[in-house]
Amino acid sequence: MIQKFRWKFIGTSVAALLMVLLITLGSLVGITRIQNQNEVDRVLTALVKNEGHLSPRNAQPAFGNQNDPINRNFLAGKYNPEAVYQYRYFSVTVDSSRRIHVINDNNVYKVKNTEIKSITIRRALDNHDKQGSIKAGQNQYAYRIATNSTGETLIIFLNETLIYQRFWLIFRVALVLGIGALIAFALVLILVSGKAIKPITDTYHKQQEFITNAGHELKTPLAVISANTEMEEMLGNNLEWHQSTKEQVDKLTKLVNRLISLARAGETGELTLSKVDFSKIVEQSTQDFKSIMKKNDLAYQVSVREGLNVIAEKHSLTEVVNILLDNAQKYCDPHGKVRVELTKGTWSKNVILRVSNTYTEGKNINYGHFFDRFYREDESHNSKKGGFGIGLAIARELIQVFKGRLSVSHKGENIVFTVSLKSVK
């Protein structure tokens, strides 16, 4: 249980760091992406206004006035006249006869006029979009279509691959740093988590030790009370409350034994796991409960597949089966039905035990608390049945030690407890 809590603590901490990194690094990458997109829009706007030509002087209105902090774009930063020389672009005009004239191709590398005309016709004109993006060689070009001063169609192409290089660089760096930070944090947490949860571990072990010691100490006075009561009966002093005293002593003895079992269930060192025949355990336990089922006038159906083996501890697994059978017969509806089925899972990797009983009042019950220690859905109902509210908690603890799963559900008029353990040959 302590190891499970430790790994849950580590997982929660790593998940929290992951959320922080996603928010911080994601925001950084997102802001960079928006900044690059705005930069593409500003450069295209400047090129359209100046009919395909860009210079430090004519680009200034589109990039903002460096002496006017109110109008300057916050993400764009301060306007630097030298910045216009970093952009790569070309522009064409298309007359009424769809003849294409390249008017500026001095700012691109190895893009021939024939390729420019082909790109213009194939993508820009045929798509009928005022703006968009096309691929040319190894670069991506954003384009915008407008009308120049002479009434001809003007198409501006801007190399956006270079502009977005900063975004992809930050994205890669953020990804590497994020993964590296998670791995480093997880490794450090694994190393120090033992010390971090040591107070909880110590408290847990002290609690388990106290329950075990107190249980053993309580057994002595209970044994004395039982012996004294039997002696009184042997001497002929059969008082009317002797039977009640014996019943209460027996009830307290069972409670003490279950408390000790519950304290030890989470400690794997107390149990030696080995290969056990689950089929024989279920067959024997169901046979033992036949008389009880008959006494309570319950229909009893048992279906056990032979030769199913699991990794567990024989006596503890027997206790789990007995707890589920006892729970089924106690809380089954009058003249109801108890069904026990042991079979293999769908993919033959697990052995499945299902113990069900009719329980018509169970439709609206919150089953999430059924395995809580000392939980009782109905206090008066449980007291009449003689339950302590810890049997299912013990069963779950033991199944977790066996690295299995115990669940509960309500189907139709039946409440079904399902045990799943890994099958071994």
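Good morning. The structure is a predicted model, in which local features need pLDDT of at least 70 and side-chain atom pairs count only at pLDDT 80 or more, while totals for chains, interfaces and linings use all residues. Residues are numbered from 1 along each chain as its sequence is written, and side-chain values use heavy atoms, with hydrogens and water left out.

I begin with the overall picture. The protein contains twelve helices and twelve strands; these are DSSP runs numbered from the N terminus, with helices (H or I) of at least four residues and strands (E) of at least two. Of its 425 residues, 37% count as buried. Buried here means under 20% relative accessible area, exposed means over 50%, and partly exposed lies in between, using a 1.4 Å probe and protein chains only. Turning to contacts, which are heavy atoms within 4.5 Å, we take those between residues at least 6 apart in sequence: 66% of them join residues at least 24 apart.

Next, the interior. In soluble globular proteins, nonpolar side chains tend to be buried together. A nonpolar core is a set of buried Ala, Val, Leu, Ile, Met, Phe, Trp, Tyr and Cys residues joined through side-chain atoms within 4.5 Å. The largest such core has 42 residues, and Phe-278, Leu-317 and Leu-353 have the most contacts inside it. Among the elements that give two or more residues to this core are helix 8 (278-288), strand 9 (337-344), strand 10 (350-358) and strand 12 (414-424). Which element gives the most to this core? The answer is helix 10, with seven residues. A second, separate core has 19 residues, including Val-43, Ala-46, Ile-156 and Ala-174.

Let us look at Phe-278 itself. Setting aside neighbours within four places in sequence, its contacts include Leu-308, Val-310, Leu-317, Leu-342, Leu-353 and Leu-421.

I now turn to a pair of helices. Helix 10 (residues 314-330) packs with helix 12 (residues 391-401) at an angle of about 145°, and their axes are 9 Å apart. The axes are lines fitted to C-alpha atoms, for helices over the stretch in contact, and the angles run from 0 to 180 degrees between N-to-C directions. The crossing of these two helices is left-handed, a term used if the near helix is turned anticlockwise from the far one by less than a right angle. On the helix 10 side, the residues are Ser-316, Glu-319, Val-320, Ile-323, Leu-324 and Asn-327; they meet Gly-391, Leu-392, Ile-394, Ala-395, Leu-398 and Ile-399 of helix 12. By type, the residues of this contact are eight nonpolar, three polar and one charged. For this count, Ala, Val, Leu, Ile, Met, Phe, Trp, Tyr, Cys and Pro are nonpolar, Asp, Glu, Lys and Arg are charged, and the others, Gly among them, are polar. Helix 12 is mostly covered, as nine of its eleven residues are buried; among them are Ala-393, Glu-397 and Val-401.

How many salt bridges does a search of the whole structure find? It finds three, each being a side-chain nitrogen of Lys or Arg within 4 Å of a carboxyl oxygen of Asp or Glu. One joins the side chains of Glu-39 and Arg-166, at 3.3 Å from N to O. Glu-39 lies in helix 1 (residues 2-49) and Arg-166 in helix 5 (residues 165-196), so this pair ties together parts that are 127 residues apart in sequence. Glu-39 is buried, at 9%, whereas Arg-166 is partly exposed, at 37%.

Another links Arg-144 and Asp-41, at 3.9 Å from N to O. Because Arg-144 is in strand 4 (residues 139-147) and Asp-41 in helix 1, this pair ties together parts that are 103 residues apart. There is also a salt bridge between Lys-330 and Asp-326, whose closest N and O atoms are 3.1 Å apart. Both residues lie in helix 10, four residues apart, about one turn of the helix.

Finally, the backbone. Most residues other than glycine have a negative phi. Asp-297 has a positive phi, near 60°, and lies in the loop between helix 9 (290-295) and strand 7 (299-304). Lys-403 also has a positive phi near 60°; its place is in the loop between helix 12 and strand 11. Is Lys-403 buried or exposed? At 75% relative accessibility, Lys-403 counts as exposed, while Asp-297, at 44%, counts as partly exposed. Thank you for your attention.
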